[in-house]
Amino acid sequence: MTDKTAAIAKAREERSLQKRRAVESAIAELKEGNEPITFKAIATLAGVSRQYLYNNFKDAIAGERSETRGSVDKIDGVTVPNRTSDEAKHVEALLRNKIERLKKELGDVRRENARLRVSLEKERGRSEHFRNNWLAAAKSKE
């Protein structure tokens with residue numbers, strides 16, 4: 001009986017070690033990808049339950065979250081929170097910045113378009129003037 005008990009204990013220990021490594025790997029992967037470090041994300045990546053994480057890694061994950069919560073990134077000239085659980089704010093800041101750049105670009109394009117229309121009308125006037133002069137000269141030769 002003790003052999004069976006020892007084998008079961010060894011298998012349990014091995015499974016626990018595999019779960020631990022999977023959790024550590026998931027945390028490292030999230031940190032590398034600048035992803036938010038949440039219990040749900042770690043549980044999904046590691047293939048463990050959130051309850052397992054709360055029971056065994058609560059303090060470690062809380063430390064990782066607080067460590068990355070205050071960091072920021074500067075993206076397209078806008079300072080946005082980095083690796084927060086609230087991704088909507090990050091995306092919103094990026095989109096607002098892009099909208100502002102596109103509005104400026106649209107204004108520049110519209111001004112250039114107006115300038116080119118004026119220039120085109122001037123050239124059409126010159127062309128018509130030269131055409132009329134050419135026609136008049138052709139008639140006078142007849």
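Guide: Along the sequence, the pattern runs α-α-α-β-β-α. That comes to four helices and two strands, taken as DSSP runs (helices H or I, at least four residues; strands E, at least two) numbered from the N terminus. The model is predicted: local features need pLDDT of at least 70, side-chain atom pairs count only at pLDDT 80 or more, and totals for chains, interfaces and linings use all residues. Residues are numbered from 1 along each chain as its sequence is written, and side-chain values use heavy atoms, leaving out hydrogens and water.

Now the core. The largest nonpolar core has 14 residues. Such a core is a set of buried Ala, Val, Leu, Ile, Met, Phe, Trp, Tyr and Cys residues joined through side-chain atoms within 4.5 Å. Buried means under 20% relative accessible area, exposed over 50%, partly exposed in between (1.4 Å probe, protein chains only). Val-23, Ile-42, Val-48, Tyr-52, Leu-53, Phe-57 and Ile-61 have the most contacts inside this core. Helix H1 (2-32), helix H2 (39-46) and helix H3 (50-69) each give two or more residues to it.

Take Tyr-52. Leaving aside neighbours within four places in sequence, Tyr-52 is in contact (heavy atoms within 4.5 Å) with Ser-16, Lys-19, Arg-20, Val-23 and Phe-57.

Next, the wider setting. Of the 142 residues, 18% count as buried. Among contacts between residues at least 6 apart in sequence, 38% join residues at least 24 apart. Leu-95 lies in helix H4 (residues 87-141). Leu-95 is partly exposed, at 47% relative accessible area.
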